[in-house]
Amino acid sequence: MYTYEVWIRDNSYQGKTPLTYTSTERLLPGVVVRVPLKKKLVLGIVKRLAPAPKVVAMKPIEHIITTNDHPLPTELLKLMIWLNAYYPAGSGSITQLFLPAVWPKKSRETVKTHNKNKTYNLPALTKEQNKVLKELRGYHGTA
């Protein structure tokens, strides 16, 4: 059993520190998860593997949204930590800046739910998205 500090994406959490959850899987920092908060499930971001508190009952991570192959970038996590230290807002509000309100049901990653692997197909890109993708693939310099 592993113990993780998880940044919560919910305005109702006004604390400045991540909450602690458990998982049977080894996760990297930046993995997006769904965790219980009070009586609802909310999105969160794994901050780090943490030592288990000795006297606190911890809830399990309900769903692993992104895999260890596709965590959020380290720079993004550093920015979240800096914003949390600099601004007086609760970490729930700050984490909202980095995650959508609802994770799309169709994702590029494999979604693990209670030991089941499900893969979702993405919808086709729009003309505008294809144009931008083509431009990005042809770009090799700096701005």
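## Contacts and overall layout

Two residues are in contact when heavy atoms of theirs lie within 4.5 Å of each other. Among contacts in this protein between residues at least 6 apart in sequence, 64% join residues at least 24 apart. The structure is a predicted model, in which local features need pLDDT of at least 70 and side-chain atom pairs count only at pLDDT 80 or more, while totals for chains, interfaces and linings use all residues. Residues are numbered from 1 along each chain as its sequence is written, and side-chain values use heavy atoms, with hydrogens and water left out.

The secondary structure comes to three helices and eight strands, where helices (H or I, at least four residues) and strands (E, at least two) are DSSP runs numbered from the N terminus. Read from the N terminus on, the elements follow the order β-β-β-β-β-β-α-α-β-β-α.

## Surface and burial

The protein exposes about 9,700 Å², and carbon and sulfur atoms supply 58% of that area; accessible areas come from the Shrake-Rupley method with a 1.4 Å probe, and for residues only the protein chains shown count as cover. Of the 143 residues in the protein, 34% are buried, a word that stands for under 20% relative accessible area, whereas exposed stands for over 50% and partly exposed for values in between (1.4 Å probe, protein chains only).

Thr3 lies in strand E1 and counts as buried because its relative accessibility is 7%. Leaving aside neighbours within four places in sequence, Thr3 is in contact with residues that include Thr20, Tyr21, Thr22, Arg48, Leu49 and Met58.

Asp10 belongs to the loop between strand E1 (2-8) and strand E2 (19-23), and with a relative accessible area of 10% this residue is buried. Its side chain makes a polar contact with the side chain of Lys40 at 3.0 Å; such a contact is a pair of N or O atoms within 3.5 Å, and within protein one must be able to donate a hydrogen and the other to accept it, with residues adjacent in sequence counting only if both atoms are side-chain atoms. Beyond four places in sequence, Asp10 also has Leu37, Val42, Gly92, Ser93 and Gln96 among its contacts.

Thr24 is placed in the loop between E2 and strand E3 (32-37), and it is exposed, with 61% relative accessibility. Although Thr24 and Tyr2 are 22 residues apart along the chain, their C-alpha atoms are separated by 5.9 Å, and Thr24 touches both Met1 and Tyr2 when residues up to four places away are not counted.

Trp82 is partly exposed at 46% relative accessible area, while Leu83 counts as buried at 14%.

Helix H3 (residues 127-138) has 12 residues and reaches 17 Å from its first C-alpha to its last, close to the 16 Å expected at 1.5 Å a residue, the expected span being 1.5 Å times one less than the number of residues. H3 is hardly covered, since the count of buried residues among its 12 residues is zero.
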